[in-house]
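Let's take a friendly walk through this structure, one region at a time. Keep the model open beside you as you read.

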Amino acid sequence: MWIWPVAVALVAAVLGPGAQAGADSDRTGLPEAIDTVLGDARMEGGVASVVVADAGTGELLYQHLPSTRLMPASNTKLATSAAAMEILGPQYRFTTDVLTTGRQHGTVLRGDLYLRGTGDPTLLADDYGDLAARLAAAGVRRVDGRLIADDTRFDSVRLGRSWAADDESSYYSAQISALSVAPDTDYDTGTVIVMVAPGEEAGDEPVVTVTPDTDYVDIDVRATTVAAGGANNLTVEREHGTNTVVVSGTTPVGGAGAKEWVTVWEPTGYAAAVFRDALAQHGIRVSGPTRLGRQTPGTAVRLASHTSMPLRDLLVPFMKLSNNMHAEILTKAMGYEVSRQGSWDAGLAAISGYLKGVGVDAGKARQVDGSGLSRMNNFSAGQLLDLLLAVRAEPWYADWYRALPVACAPDRFVGGTLRTRMCGTPAALNARAKTGSLTGASALSGYVTDADGRELVYGIVLNNYLASSVKALEDAIVVTLARSTAEAAVPAATLRSGASADVECSWRKPLSC
């Protein structure tokens with residue numbers, strides 16, 4: 001686990017920043033091939049940090065500004081996910097409990113009912129229904145007390161540092177709580193799905209449904225159905241500081257309408273509302289009000305419990321679909337595990353400690369969230385490469401590697417954010433990597449097997465370009481690696497990427513990559 005970062009560091013020290021790799025790789029033509037890709041007009045005025053190494057030996061094959069810190073976007077999740085596997089463990093599970101401080105008398109539970117969460121990002125409305133069903137099966141029909149939602153495993157800071165205010169309604173920027181609800185099995189916790197269908201005739205109000213079916217959000221329909229062939233320009237956005245979702249624009253008769261994942265304001269209240277509805281559906285009435293953010297007394301008795309899938313399985317939707325909220329929840333969970341503080345500061349300190357332990361110089365990186373949504377994150381390609389080399393020696397590496405997106409694999413939970421990229425090339429079904437995108441920032445870091453069967457590791461971080469997308473350049477580098485041998489590089493033409501704009505394809509729902 002310690003050999004590879006040291007090997008890369010030694011080579012980098014000899015060559016110096018910005019220099020190319022040694023004589024052997026120079027003879028292959030690999031540096032020239034990658035330099036040609038980076039010389040594309042789309043990178044004019046931009047900055048690239050790119051490093052390639054032999055996974056088996058740690059030999060550095062190419063480097064360009066290897067220590068230059070740039071915004072890694074969702075490549076930040078490489079550090080977060082690896083640290084989570086080490087600190088929490090592959091078998092780590094989140095639990096959600098229903099407890100009481102009261103006692104049951106016949107069909108009446110006299111006392112407060114507590115719903116206690118630990119951060120499970122996979123909780124569905126059906127899971128809250130199962131918890132309610134267990135109370136009903138125990139004979140409870142009325143709770144003479146309050147429903148108290150205990151989200152105190154995490155702190156009350158809901159949004160990450162320097163997250164964009166205009167992303168507040170967007171599903172990839174949901175608020176973080178130890179209690180929340182996911183609307184479907186993509187597990188975009190803290191959101192609801194808003195479906196808008198056109199009315200039967202022009203002038204009708206569109207039909208709007210919400211999943212899960214909850215009154216926690218209010219729908220304000222300002223949209224209109226227009227004649228067939230008219231514009232479908234619906235917008236669905238939540239107003240700041242409220243749970244009012246405004247539907248505006250037009251949709252034509254017989255048209256597609258719209259389907260949007262929208263964040264809620266205060267996910268703890270969302271979870272409590274869904275659970276209270278589930279209790280009512282199972283014939284249980286809670287007489288008292290709902291209270292949020294209060295800790296469950298140590299004397300409380302557990303009545304029902306739900307356990308999440310293990311972390312090794314949660315990594316699949318997390319990494320394949322680049323789920324920001326999973327990253328942030330795991331960050332706070334690591335903070336709690338290490339220091340009993342479910343905060344970003346504690347979690348980021350835990351991640352930094354892991355990186356230092358495997359030889360990544362975390363003191364020369366800056367990580368301010370778990371997902372990479374913040375533009376304050378700074379990593380170099382060299383640091384990402386050090387991590388990718390180090391994790392190969394971890395006992396949990398196979399599970400972690402399995403969670404990386406696979407180029408051109410059509411299944412969403414295999415190909416993930418790479419499922420339309422590098423198709424028809426030697427990198428298809430070969431390259432595995434974490435993608436990353438913000439405006440003016442793109443990254444791709446992972447593994448690929450070359451034409452000799454040699455596994456290569458690469459880190460690519462591109463910033464400050466003005467083009468709509470530079471993912472075709474990332475793809476060209478990886479395809480070049482896949483086509484090449486130890487003796488000769490086979491340059492790939494600059495590809496037209498399946499990603500058509502400068503945004504993580506998983507940020508468009510349904511997954512558009």
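A residue is called buried here if its relative accessible area is under 20%, and exposed if that area is over 50%. Bear in mind as well that this is a predicted model.

How many of the residues of helix 10 are buried? The count is 10 of 10, so this helix is mostly covered, by the under 20% cut-off. The buried residues are Ala381, Gly382, Gln383, Leu384, Leu385, Asp386, Leu387, Leu388, Leu389 and Ala390.

The largest nonpolar core has 62 residues, and the members that touch the most others are Leu311, Tyr354, Leu355, Leu387, Val391 and Trp400. Helix 10, residues 381–390, supplies the largest share of this core, with seven residues.

Next, look at a pair of helices. Two packed helices are described by the angle between their axes and the distance between the axes. Helix 4 (residues 76–87) packs against helix 8 (residues 324–339) at an angle of about 40°, and their axes are 10 Å apart. Angles under 35 degrees would count as roughly parallel and those from 65 to 115 as roughly perpendicular, so helix 4 and helix 8 are oblique to each other. Their crossing is left-handed. On the helix 4 side, the residues in contact are Lys77, Thr80, Ala83, Ala84 and Ile87. Helix 8 meets them with Asn324, Ala327, Leu330, Thr331, Met334, Glu337 and Val338.

Now for the sheets. Strands of a sheet pair through backbone hydrogen bonds, either parallel or antiparallel. Strand 9 (residues 191–197) pairs with strand 16 over six bridges, and Thr191 stands opposite Thr263 of strand 16.

Another open sheet has four strands, ordered 4-5-7-17, and its pairing is mixed. Strand 4 (103–105) and strand 17 (285–286) are at the edges with a single partner strand each, so one side of each has no neighbour in the sheet. Within this sheet, strand 5 (residues 108–110) and strand 7 (residues 142–144) run parallel and are joined by three bridges. Here Leu109 stands opposite Val143 in strand 7.

Finally, the loops hold some backbone details to look up. Pro212 sits in the loop between strand 10 and strand 11 (218–221), and the peptide bond from Thr211 to Pro212 is cis, with omega near -5°. Further along, the loop between helix 11 (397–402) and strand 20 (432–438) contains Cys408, and that loop also holds Leu429. Cys408 has a positive phi, near 65°, without being a glycine, and Leu429 likewise has a positive phi, of about 60°. Which of the two words, buried or exposed, applies to Cys408? Cys408 counts as buried because its relative accessibility is 18%, whereas Leu429, with a relative accessible area of 62%, is exposed.

Methods
Residues numbered from 1 in each chain as written. Predicted model: local features only at pLDDT ≥ 70, side-chain atom pairs only at ≥ 80, totals over all residues. Heavy atoms only, no water. Core = buried A, V, L, I, M, F, W, Y, C linked by side-chain atoms within 4.5 Å. Buried < 20%, exposed > 50% of the residue type's maximum accessible area, 1.4 Å probe, protein only. Helix = DSSP H or I, 4+ residues; strand = E, 2+ residues; numbered from the N terminus. Pairing = 2+ DSSP bridges. Axes fitted to C-alpha atoms, helices over the stretch in contact; angles between N-to-C directions. Parallel < 35°, antiparallel > 145°, perpendicular 65-115°, else oblique. Left-handed = near helix turned anticlockwise from the far one by under 90°. Contact = heavy atoms within 4.5 Å.
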